[in-house]
Amino acid sequence: MQAHDLSAGGEVLARAHDTARAAARLHGLPGAEVTLINVSENATFRVEDPATGARSILRVHRLGYHSVPAIASELAWLEALREEAGVRTPRVIPAPDGSRVLTVPGEQPRECVMFEFLPGTEPPQERLVADFELLGEVTARMHRHARAWRRPAGFTRFHWDYEAALGTESRWGRWQDGPGMEPEALAVLGRLDKELRERLHRFGRDPGRYGLIHADLRLANLLTTGDGPPSVIDFDDCGFGWYLYDLAAALSFIEHHPLAPEMIDAWLRGYRTVLALPAEEEAEIWTFVMFRRLLLVAWIGTHTGVDIAAELGAGYTAGTCELAERYLTGGLPA
């Protein structure tokens, strides 16, 4: 795995900020105010044009994560979902030369993409259950579209199967190198890893279960306005994986929440208004929740410069061990 260069913070983020300013100039906005919003896989900036008051969002990509064809593939699905499935996604704002993916030159050239600014806020904690029902319905529409969509020539995205997440590839690092990995944690999470590997192998990758997914439908990537369905943003991790992984990703960092079972039930109600979900697949939901949770232990270990990773730290590993014990002993649906 190539180290996540943006997680170092400091001078690296300062250079990414310079890249963002250069990208704004290349977009014809030389006087724009460029403000860092957050850092996760990439650095995201708000761009404000003082001449017009217009706002947009600029994504500065980390190094070595996606190729230009892979980014273009992401943008193709983003656009198709909006135009063909009625899912609200941000429009891409091309550079004056028509480029949707802009490579900003420099000592370390970086790819950048400019998006429209969408209104809305992350779903509030007091509406989690209600918003999960809306999310389930939107997710099902995305899955229905993915199953029928004829992908353009050259479409390429990576996979989120066991090997990519926890196995030989370990895209976000090894969970064994996560924070707070004491011998007791290594033991229980090793048992969890083995159980997940076996269950996912049995679950299989039938086209009805495995296909193109968002892969990061957590609350931070949803924007709500009133009572309507949320807008979906940040498709940077979209790729091929199990459809139920999108539900697991929605519970990222809140898998232990007391309302998690109710959130899952609400998501299922919304999902089933669009697509069927067989009972034998529903029975494995917590397998995917724990799969995502163990992957996030690895992610925290390799993204130390990201605010939420620094905030959660070893406590997230400890909480994962508690959930793992419950899962392995039948205390959670298996």
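Me: Where is aspartate 234 found?

Reply: Helices (H or I, at least four residues) and strands (E, at least two) are DSSP runs, numbered from the N terminus. Aspartate 234 sits in the loop between β8 (231-232) and β9 (239-242). This is a predicted model: local features need pLDDT of at least 70, side-chain atom pairs count only at pLDDT 80 or more, and totals for chains, interfaces and linings use all residues. Residues are numbered from 1 along each chain as its sequence is written, and side-chain values use heavy atoms, with hydrogens and water left out.

Me: What is the phi of aspartate 234?

Reply: Near 55°, a positive value in a residue other than glycine. Alanine 215 is also not a glycine, and has a positive phi of about 75°. Alanine 215 lies in the loop between β6 (210-213) and β7 (222-223).

Me: Is alanine 215 buried or exposed?

Reply: Buried means under 20% relative accessible area, exposed over 50%, partly exposed in between (1.4 Å probe, protein chains only). Alanine 215 has 1% relative accessibility, so it counts as buried. Aspartate 234 has 29%, so it counts as partly exposed.

Me: Which side chain of opposite charge is nearest to arginine 82?

Reply: Lys and Arg count as positive, Asp and Glu as negative; His and the chain ends are not counted. A salt bridge puts a side-chain nitrogen of Lys or Arg within 4 Å of a carboxyl oxygen of Asp or Glu. For arginine 82 the nearest is glutamate 79, 4.3 Å away. Arginine 82 is buried yet has no salt bridge. Its place is helix α2 (residues 68-84).

Me: With which side chain does the side chain of arginine 82 make a polar contact?

Reply: A polar contact is a pair of N or O atoms within 3.5 Å; within protein, one must be able to donate a hydrogen and the other to accept it, and residues adjacent in sequence count only if both atoms are side-chain atoms. Here the partner is the side chain of threonine 89, at 3.2 Å. The backbone oxygen of proline 90 lies 3.4 Å from a polar atom of the arginine 82 side chain.

Me: How many residues has the largest nonpolar core?

Reply: A nonpolar core is a set of buried Ala, Val, Leu, Ile, Met, Phe, Trp, Tyr and Cys residues joined through side-chain atoms within 4.5 Å. The largest has 111 residues; Trp77 and Phe132 are among those with the most contacts inside it. Helix α9 (residues 285-302) gives the most to this core, with 13 residues.
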